[in-house]
Amino acid sequence: MSATRIPSRLRRLNKVQKISVAGVSALGVAALTFSLVPSNADAEIAPQAAAAAAPVALTNATGTAQAKTVQNSMIEQHSTAEKLVKAADAAKAKAAAETKAKAAKAKAASEAKAKAAADAKDKAEKAAKAKADAKKRASEKANRSTARKPVYANNLDGWIREAMAIMKKEGIPGSYEGIHRNIIRESSGNRWAINNWDINARNGIPSKGLLQVIQPTFDRYHVAGTKKDLYDPVANIVAACNYAADRYGSMDNVNSAY
């Protein structure tokens, strides 16, 4: 019997498939051998006669047909095994890919959560810092304002200087000398001075304070930021100077009753 040629693709089978091939091949050879052995006693008694009577060509043809049948069966079985192995490998690869995808998704979610938490913390820290900085600036501004705010003496000199600071801010003209001179003439520097004998007093609106101002004039020329009290020395000076600026150009131009 001629040697059976195995297709090249069967030579590339893996270990499991090769073991399967060997098993099937052994079974095929056994089956072929069994089919070629005589099955009755007469054949054993007269081997020479049987050999002479049986055509050699027929024996070879029968063996070749059986070998091809075994070979085809082997190819079919190994093809099926190969398909099963490929299917198992594909399923394994798919499961690995799904596991990897799930791990990547979980990692991305974890990183996103961590980033969101970090962003929230950073935002809160920035807001707290901004609030603290604003509070610090406000405190520093208040301290500077307090430090810059002058303290005036509670006497004639202090009243005139404080009144002049307000007048400067409001654009009301008047010098220290002009204000002081008119105060001394009108009240001798007495903040509680009151005139109860002139025409204004007879009309029921006596002149009062350092610069002897009547209530209607004070009300009309009062400057916001000063007290609404005719006897308040600073308010009295500022209102009187505002009136003198409107009527005479400046308190410096007043040298008598006004």
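**Helix 5 and its partners**

Modeller: Helix 5 (residues 156-170) and helix 9 (residues 233-248) pack at an angle of about 50°, with axes 9 Å apart. Axes here are lines fitted to C-alpha atoms, for helices over the stretch in contact, with angles from 0 to 180 degrees between N-to-C directions; helices are DSSP runs (H or I, at least four residues), numbered from the N terminus. That angle makes helix 5 oblique to helix 9, where oblique is what remains once angles under 35 degrees (roughly parallel), over 145 (roughly antiparallel) and 65 to 115 (roughly perpendicular) are set aside. Their crossing is right-handed, meaning that the near helix is turned clockwise from the far one by less than a right angle. From helix 5, Trp-159, Ile-160, Glu-162, Ala-163, Ile-166 and Met-167 touch Pro-233, Val-234, Ile-237, Val-238 and Cys-241 of helix 9, contact meaning heavy atoms within 4.5 Å. By class, this contact has 10 nonpolar, no polar and 1 charged residues; Ala, Val, Leu, Ile, Met, Phe, Trp, Tyr, Cys and Pro count as nonpolar, Asp, Glu, Lys and Arg as charged, and the others, Gly among them, as polar.

Helix 5 also packs with helix 6 (residues 176-187), at about 130° and with axes 10 Å apart, so these two are oblique as well. This crossing is right-handed too. Here Leu-156, Asp-157, Ile-160, Arg-161, Met-164 and Met-167 of helix 5 meet Tyr-176, Ile-179, His-180, Ile-183 and Ile-184 of helix 6, giving 8 nonpolar, 1 polar and 2 charged residues.

Please keep in mind that this is a predicted model: local features need pLDDT of at least 70, side-chain atom pairs count only at pLDDT 80 or more, and totals for chains, interfaces and linings use all residues. Residues are numbered from 1 along each chain as its sequence is written, and side-chain values use heavy atoms, leaving out hydrogens and water.
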